[in-house]
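I opened this model to look up its surface and its fold. My entries follow.

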Amino acid sequence: MSGGEVAGILVAVFWAILVSFLALALVRLAQTLKAATRLVAEVTDQAVPLLSEASATVREANSQLARVDSIASDVQEVTSNASALSSTVSTAFGGPLVKVAAFGYGVRRAIGRKGRAEDEPAPARSVVIGKTLPSARRGGRRNRGSKG
């Protein structure tokens, strides 16, 4: 055997080992592709019903939103009617009620004055010199709403 024949045999052996590794890699790649194909098929089988259910859910949500929209418009109409009724009642009865209250106040004042004799003077208010009177209370009847 010459050196060329030995080199040819070595190249053939290495070539056979390389082909064996490539064949093994191709077999494993084929198995991986088969598993990926099965996985995609299973996902497709499960995704189609899920998409149809999602579509049905969206249609149902749209119908419910249409109902809510009609309810909201009815509530808005009722609110505007209540506001109009409130302003009508306020306009119709507000003025006369103020007049009745003023009349009642005047009657009470007149009755209070009538209880005293005409020639009797109003009760005198006395001032004490040298005494400090307590300061007026803050937040009387008129200012109670403005207290924080």
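I took accessible areas from the Shrake-Rupley method with a 1.4 Å probe, where for residues only the protein chains shown count as cover. The protein chain has about 13,900 Å² of accessible surface, and carbon and sulfur atoms hold 65% of it.

I noted that this is a predicted model, in which local features need pLDDT of at least 70, side-chain atom pairs count only at pLDDT 80 or more, and totals for chains, interfaces and linings use all residues. Residues are numbered from 1 along each chain as its sequence is written, and side-chain values use heavy atoms, with hydrogens and water left out.

I looked up burial (buried is under 20% relative accessible area, exposed over 50%, partly exposed in between; 1.4 Å probe, protein chains only). Of the 148 residues in the protein chain, 1% count as buried.

I then checked the fold, with helices (H or I, at least four residues) and strands (E, at least two) taken as DSSP runs numbered from the N terminus. I found 1 helix and 0 strands in the protein chain. Leu 10 lies in helix α1, residues 3-114, and is partly exposed at 46% relative accessible area.
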